[in-house]
Amino acid sequence: MKKNDIKFQYRVNEQIRVKEVRVVSDNGAEIMPTRKAMDMARNAGEDLVEISPNAQPPVCRIIDYSKFLYQQKKRQKEMKQKQVKVEVKEIRFGPQTADADYNFKLKHAQEFLQEGNKVRAYVFFRGRSILFKEQGEVLLLRFANDLEEWGKVEQMPKLEGKKMFLFMAPKKAGVAKKSQQKMDREKREAEAKAAEKVENEENAKKNGLFANAKGGADALNKLNDKQNENED
């Protein structure tokens, strides 16, 4: 078993040799002698696991160690799956690349950047074509400009031997910011809704009072009519 296995990352039970520990649980935390914490774990049929050895005192939990290791391995696996592997994709040009070939490679570079990969574009100067290095620089600058929506330049065109390199990284998807005009409009709409709600509540109260008053008057009239009938 490898020494960097997660099993060897934590001390458990008798491996914990400090005098006292901070035992954390769903109910809070308590500092106590390590021996007492071990006894509590043993009585609960679980283990005392040191989860933060550098704290003063070290932090421990009373848990099922096997279950704890399973949860940690599962969490690591999930985190690994979420990690995006960034690759560097190469795009090669000649100093006098035709438009059709340029557009074909531009489309591929756009796809690479959208997938989260970096792009290393370069112009290869063969033989006497090194005399046209200015054309190569112009081509790479045009390339960077055409990709500005999807990527950002990490390194401007730089000549290294017979190759001139340009490095681009994908742009992170940003959160669109609301304009001030839109925020003001939303604020006015919210205020109008709040005012309408208050007005409706006041109307409801008034209608309720009116109904109660009307009902009370009707009941009083009926009572008076009944009394008059009895007197007759």
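Which glycine takes a positive phi just after helix 1? I looked there to begin my notebook, and found G45, with a phi of about 75°. A reminder to myself: this is a predicted model.

**Helix 1.** Next I stepped back into the helix itself, residues 34–43. I looked up its buried residues and noted T34, A37, M38 and A41. Seen down the helix axis, these fall within an arc of 100°, so they line one face of helix 1. I then asked what the buried residues of helix 1 pack against. My list reads strand 1, strand 2 (28–33), strand 3 and strand 4.

**E50.** I moved on to strand 3, where E50 sits. Is E50 buried or exposed? I found 3% relative accessibility; buried means under 20%, so E50 counts as buried. Its side chain makes a polar contact with the side chain of R11, at 2.9 Å. Leaving aside neighbours within four places in sequence, I wrote down the contacts of E50 as Y10, R11, I16, P58, V59 and C60.

**Backbone notes.** I checked the loop between strand 3 (47–52) and strand 4 (59–63), which holds P57. A cis peptide bond joins Q56 and P57 there, with omega about -10°. Last, I turned to N13, in the segment before strand 1 (20–25). Its phi is near 50°, a positive value in a residue other than glycine.

Methods. Residues numbered from 1 in each chain as written. Predicted model: local features only at pLDDT ≥ 70, side-chain atom pairs only at ≥ 80, totals over all residues. Heavy atoms only, no water. Helix = DSSP H or I, 4+ residues; strand = E, 2+ residues; numbered from the N terminus. Buried < 20%, exposed > 50% of the residue type's maximum accessible area, 1.4 Å probe, protein only. Polar contact = N/O pair within 3.5 Å; in protein donor to acceptor, adjacent residues only side chain to side chain. Contact = heavy atoms within 4.5 Å. Arc of directions from axis to C-beta.
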